[in-house]
Amino acid sequence: AVVAAIAATLFFSVGTLYLRNQFLEMERMDVRRNLDSALNAVGSELAAMESSAHDWAAWTDTLRFVQGTNPEFVEENLMSDTFQNLRLNLMAFYDASGRLVHAKAFDLEQGAATSLRADALAAAASVVPTPLSPADTVSRTGLLSIDGSLAFVAVHPILASTHEPPA
């Protein structure tokens, strides 16, 4: 009877350890799947933002605006629909020297323009290379920490519609 009790206890202990290891492995696989899904979602969002940044930056109208020869640009292009369609909270335009030409903030939940936050502008400025090299025609994307929250960001040098740097 003692041998049977020891065998049953040993079998129970080994079986419990085996099950625990199986559950841990299932949890690891579940965490990996969730992490992969999150990384894919972040990558998709950054790719969409990069595409939008490229479209807006490689546009002669934008280039003329930052050069001071297209004053109608803001009124004609930076309306509420633009921010809502692109799902953006902030658009900032910098000239080749890194000087802020124009910025506009938008509250997507309220559907209206909002005041510019100094911390958001400072964070945006921190990722703008200054001065810009004329050969720089590449987008940059990533995540920024702004006041304890993460924000997606995409930056692209402003070029003519032909993708040529400004003269």
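These legends walk through close-up views of a predicted model.

Local features are taken at pLDDT of at least 70 and side-chain atom pairs at pLDDT 80 or more, while totals for chains, interfaces and linings use all residues. Residues are numbered from 1 along each chain as its sequence is written, and side-chain values use heavy atoms, with hydrogens and water left out.

**View 1. The whole chain, for orientation.**
The chain has five helices and five strands, running α-α-α-α-β-β-β-α-β-β along the sequence. Helices (H or I, at least four residues) and strands (E, at least two) are DSSP runs, numbered from the N terminus. Of the 167 residues, 25% are buried; buried means under 20% relative accessible area, exposed means over 50%, and partly exposed is in between (1.4 Å probe, protein chains only). Take the contacts (heavy atoms within 4.5 Å) between residues at least 6 apart in sequence: 49% of them join residues at least 24 apart.

**View 2. Helix α5 and its buried side.**
Helix α5 spans residues 118-126, and Ala120, Ala123 and Ala124 are its buried residues in this view. These three sit on the same side of α5 because they cover an arc of only 100 degrees around the axis; the arc is that of the directions from the helix axis to the C-beta atoms.

**View 3. Aromatic rings linked in a cluster.**
Ring pairs join Trp56, Trp59, Phe65, Phe73 and Phe93 into a cluster. Rings of Phe, Tyr and Trp (its six-membered ring) pair if their centres lie within 6.5 Å; planes under 30 degrees apart are stacked, over 60 edge-to-face, and the rest tilted. The whole structure has seven aromatic pairs. One of them is Trp56 with Trp59, an edge-to-face pair at 5.7 Å centre to centre with 85 degrees between the planes. Phe73 and Phe93 are also edge-to-face, with ring centres 5.6 Å apart and planes at 85 degrees. Phe73 belongs to helix α3 (residues 73-77) and Phe93 to strand β1, so this pair ties together parts that are 20 residues apart in sequence. As for burial, Phe73 is buried at 0% relative accessibility and Phe93 is buried at 6%. Trp56 is buried at 16%, whereas Trp59 is partly exposed at 27%.

**View 4. Asn77 beside the tryptophans.**
Asn77 lies in helix α3 and is buried, with a relative accessible area of 14%. Neighbours within four places in sequence aside, Asn77 is in contact with Trp56, Trp59 and Thr82.

Side chains of opposite charge can pair when their charged atoms come close. The structure holds six salt bridges, each a side-chain nitrogen of Lys or Arg within 4 Å of a carboxyl oxygen of Asp or Glu. Glu45 pairs with Arg87, the closest N and O atoms being 2.8 Å apart. That bridge links distant parts of the chain, from Glu45 in helix α1 to Arg87 in the loop between α4 and β1, 42 residues apart. Glu45 is partly exposed at 22%. Arg87 also has a positive phi of about 55 degrees, although it is not a glycine. Arg32 and Asp36 bridge at 3.7 Å between their closest N and O atoms; being four residues apart in helix α1, they are separated by about one helical turn. Arg99 and Asp95 meet at 3.0 Å, N to O, with Arg99 partly exposed at 46% and Asp95 buried at 14%.

Most residues other than glycine have a negative phi. Asp147 is not a glycine, yet its phi is positive, about 50 degrees. Asp147 lies in the loop between β4 and β5 (149-155) and is exposed, with a relative accessible area of 64%.
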